[in-house]
Amino acid sequence: MKQAVMKQLDDTISIYDHSGIYKEFEERFANVMGLQAPYDQYCLSTSSGTAALFSLYFGAFQQFAGDHQEKDQEVEVIVPAYTFFATATPLLQLNNGRIKIKFADCLPSNGNVDPQSIALQVSDNTKAIIITHMWGIPCDLDAIVQICEHYNVLLFQDCSHAHGATYNHTNVGNFGDGNAWSLQGKKLITAGEGGILSTKHQSIFERALLIGHFNKRAIQQIETDENLKYAPTGCGLKLRMNVLGAALANEQLKNNYFQNLLKEKQEIAAYVADNIDNKREFQGLETASIPTNSTASYYALPICWNQECFKCDLKQFVRTLNEYGVLHADMPGSTCPLDQYEVFKRFIDDDLVREQFRNANKFHQNMFKIDVW
């Protein structure tokens with residue numbers, strides 16, 4: 001990997017269009033992730049996973065002058081009550097902050113969003129549903145896709161934990177209207193800092209280009225006249241991935257490196273889960289459930305805790321694990337129910353909304369995670 005970065009240093013440290021290491025990385029990522037058409041045609045690397053999500057949301061929701069829209073039309077977006085906050089915070093930057101965020105509770109068995117809770121939140125103003133495959137465990141995509149199709153709303157997926165995860169033998173990146181992966185330092189594929197998105201919609205892809213990849217790349221890849229006129233300047237930001245990060249991430253997609261890493265993590269997780277779930281000495285602990293016909297990518301292995309089976313509390317238990325050498329066992333902090341963050345509290349104004357966090361808070365308070373390497 002060091003050689004790949006040094007080679008890129010010798011080549012160029014900045015690329016303005018869809019060529020070089022950007023083109024090579026985006027195409028190889030689509031291939032290794034098993035992205036099918038048209039997702040593989042509309043891949044775009046970004047400076048972070050958060051930037052990838054923001055670019056998708058901008059492509060779907062940002063109102064341009066001349067866009068056909070109802071006066072004062074409200075836009076509602078449903079997000080998981082339990083997720084990393086950056087799944088939802090990019091929405092706050094769009095349409096002058098007029099997007100209304102609604103929350104769907106999680107399943108108590110694994111922390112993923114509950115399809116039944118999603119369905120209860122849908123209204124005539126709902127434009128999209130956003131889901132996160134928490135800790136690399138696929139959501140119940142059959143049920144969620146069915147809801148989206150029934151109500152004719154968009155589905156966006158935060159796949160930042162789920163590189164290589166599959167549902168019904170298909171990579172999770174083949175289900176949404178738009179999908180985003182983080183390539184931050186701890187992720188299964190890393191650029192140090194970076195992200196990548198895919199979408200099946202040319203319109204979303206073109207507007208994602210406009211918000212973060214102005215001038216040469218936008219001019220090169222935008223085909224529609226209504227978007228092309230903005231291409232030279234873009235719409236205000238530059239969100240390109242650093243080429244050295246692209247070279248680093250690209251190298252991990254060669255020679256089955258990623259596939260072998262993923263297989264190793266899955267084998268270790270299966271071994272640990274089999275012991276925890278099936279041996280009496282681990283009574284009171286249970287690993288998070290995996291949907292039928294799914295494979296998890298195990299960004300981490302979440303373990304549920306039953307306080308009634310222990311004399312100590314969960315914090316003491318995790319501290320003891322650390323002392324005995326399980327150094328990466330921890331209780332997640334920043335990944336938590338979104339009602340704990342001030343930035344979302346204006347959307348949580350009554351008991352009915354707070355009810356959408358019941359399982360999220362219970363799951364968060366009674367789980368810890370371990371790395372599987």
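The exercises below work on a predicted model.

**Exercise 1.** Find out where Ile 13 sits and whether Ile 13 counts as buried or exposed.

*Solution.* Start with the secondary structure: Ile 13 lies in the loop joining helix 1 (2-11) and helix 2 (20-32). Next, check the accessibility. The relative accessible area of Ile 13 is 59%, and the cut-off for exposed is over 50%, so Ile 13 is exposed.

**Exercise 2.** Work out which residues touch the most other members of the largest nonpolar core.

*Solution.* As for who supplies the core, helix 3 (residues 49-61) gives the most, with eight residues. Then zoom in on Phe 103: leaving out residues up to four places away in sequence, its contacts include Val 79, Pro 80, Leu 338, Phe 344, Phe 347 and Phe 357.

**Exercise 3.** Track down the nearest side chain of opposite charge to Asp 105.

*Solution.* First locate Asp 105, in the loop between strand 4 (99-104) and helix 4 (115-121). Asp 105 is buried, and the side chain to find is Arg 358, 6.3 Å away. A salt bridge needs the charged atoms within 4 Å, so Asp 105 has none. Its contacts, again skipping residues up to four places away in sequence, include Ser 117, Glu 355, Arg 358 and Asn 359.

Methods
Residues are numbered from 1 along each chain as its sequence is written. This is a predicted model: local features need pLDDT of at least 70, side-chain atom pairs count only at pLDDT 80 or more; totals for chains, interfaces and linings use all residues. Side-chain values use heavy atoms; hydrogens and water are left out. Helices (H or I, at least four residues) and strands (E, at least two) are DSSP runs, numbered from the N terminus. Buried means under 20% relative accessible area, exposed over 50%, partly exposed in between (1.4 Å probe, protein chains only). A nonpolar core is a set of buried Ala, Val, Leu, Ile, Met, Phe, Trp, Tyr and Cys residues joined through side-chain atoms within 4.5 Å. Contact means heavy atoms within 4.5 Å. Lys and Arg count as positive and Asp and Glu as negative; His and the chain ends are not counted.
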